[in-house]
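Dear colleague,

I am passing on the structure we spoke about, and you will find it just under this paragraph. Please look through it before reading my notes.

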Amino acid sequence: MASANFINSIYLVSAILFMLGLKNLSSPATAKRGNTLSMVGMALAIIATLMTAGLSFKLIIIGIAIGAIIGGVSALKVEMTSMPEMVALFNGCGGAASALVALSEFQLKGVEFGADMVAHIGSFSMTTLLLSVIVGALTFTGSVIAYAKLQGIVSSKPITYPGQQVVNAAILIGIAVLSYMVFADPTNTTFFYIVLGLSLVLGVLAVIPIGGADMPVVISLLNSYSGVAVSMTGFALNNNALIIVGSLVGASGIFLTKIMCDAMNRSLANVLFGAFGAVSEKTGEAATSATGSVKGYDIEDIVTVLENASSLIIVPGYGMAAAQAQHIVRELADHLDGEGIEVRYAIHPVAGRMPGHMNVLLAEADVPYDQLFAMEDINDDFPETDVVLVIGANDVVNPAAKTNPGSPIFGMPVLNVEEAKTVIVLKRSMNPGFAGIENELFLKDNTMMLFGDAKKSLHALVTQLKR
Amino acid sequence: MEGSILIGLYVFVLALFAGAELIAKVPPTLHTPLMSGSNAISGIAVLGALLAAGHSAEINATSVIGLAAVIFATINVVGGYMVTDRMLQMFKKKK
């Protein structure tokens, strides 16, 4: 069997492959290769671990078989629109694995050292062991709740009750006190299990007050937590591979969390605890400043405008994906592109339900990625654009974010669509968007509303245009 | 023991910086695959899970917990990589 040094050398190779994998993600052209490199790294690390002396393979084979089947089948079956739910669940699995590994380590060391456990493994290892149980457990239940909210199993509205913060704080203090008691007497496993139980409860309670619209932030943050949990497990097991990967994942989660928060002009604290305050106090005055009237148009009117345009920017929102309209959007874009019209897509960071989600949905519909533009890369081009086509997006094109200090979304970066010569908005009805706010864009003189199901409207448009 | 903790912290901090540098270069187009891909590697907890599940020839409470950990971690690894691969395939076939 292999020596510890040999195994650790393989871990180093794995770590290099993980880093190279991330590096290759810097371009869509190399990204797939990056993922393959990362897979090879993982396979090497697993094979090396299996070379550890004295390992019994019975349960290992059963576990890998069951896990591979569940993971593989769900990965193949999941719809791209449900990617946030899928990632949330995988994340939860990662958290659960970290917590369970820490739990098993606690039991093994308990058998080995009994009451002298802390003296033998050191207080640092003990701390990281407890942290990996706590963070892993709350990542697990938090992710499950995030999944349930995105699926609509649990109401996507913030669930609040009086004294919520007090309860959460009390649980946190309880976890800290009991962890200290585990330190004092590691043979008292009951305390350890209560720490585990309280962490599971905390994960649930921390996520239920957060609204469905903020789930992209929550998923990113939980992603980072799962990384932290792995790092802590790595410290407890003295395993550098886990430490490195944990910090990579932690960094990536925090990075994406920050991008999502910036895109909504909200602080992380506001997202996590915002529901505890009075969120809707400003809705009364928010709806005031808009003047003008909504002008509905027919397919023929829209066709005329599109036929006379030389440049078009499509602004997709989640409503487009929900209507499964991305394929017909691409068909429309292809046709206009063939007529010599410049077609581009403007993607707001929170257009989907997780970071980069809209890009994946459009890529699935075969939209070339060089037509996809991030908000900051395209926002100055609207004044020179003939037509903007807004499909199922609302808050991300609401000018109130720039002009109305009373609006709940004031200060949030938005796409400057109203600066284009003509704005066509495809919308099911005049209901406000996900955040429940009026949109004065719909009342502007250069805005043409086309009401109805986005998919049907687009079909009609394509048919008319091709005639 | 103290030395190995310190080395662990070195590794942690340096990997954090290296990771932040690499991740900042990922374009917004690929943020979903970045998340699912980094998610997949966080299943590396499977290494600890394997050791726990196989630590003894007879089955006891710890090895059963290890088994559960192996299942969870493998779902994370296999599912995470496969779904990332599926997404990146869609980006790759263009032009």
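This is a predicted model: local features need pLDDT of at least 70, side-chain atom pairs count only at pLDDT 80 or more; totals for chains, interfaces and linings use all residues.

Residues are numbered from 1 along each chain as its sequence is written, and chains are lettered from A and ligands numbered from 1 in the order in which they are written.

Chain A contains 19 helices and six strands (DSSP runs of H or I with at least four residues, and of E with at least two, numbered from the N terminus). Of its 467 residues, 52% count as buried, meaning that 20 or more other C-beta atoms, placed from the backbone, lie within 10 Å of the residue's own.

Within chain A, helix H6 (residues 123–151) and helix H8 (residues 189–207) pack at an angle of about 40°, with their axes 7 Å apart; the axes are lines fitted to C-alpha atoms over the stretch in contact, and angles run from 0 to 180 degrees between N-to-C directions.

Turning to the two chains, 92 residues of chain A are in contact with 79 residues of chain B, where contact requires C-beta atoms, placed from the backbone, within 7 Å. The largest share of the side of chain A that touches chain B, 16 residues, comes from H4(A). That side has 58 nonpolar, 31 polar and three charged residues, with Ala, Val, Leu, Ile, Met, Phe, Trp, Tyr, Cys and Pro counted as nonpolar, Asp, Glu, Lys and Arg as charged, and the others, Gly among them, as polar.

With best wishes

How values were computed:
A residue is buried if 20 or more other C-beta atoms lie within 10 Å of its own, exposed if 12 or fewer, and partly exposed in between; C-beta atoms are placed from the backbone.
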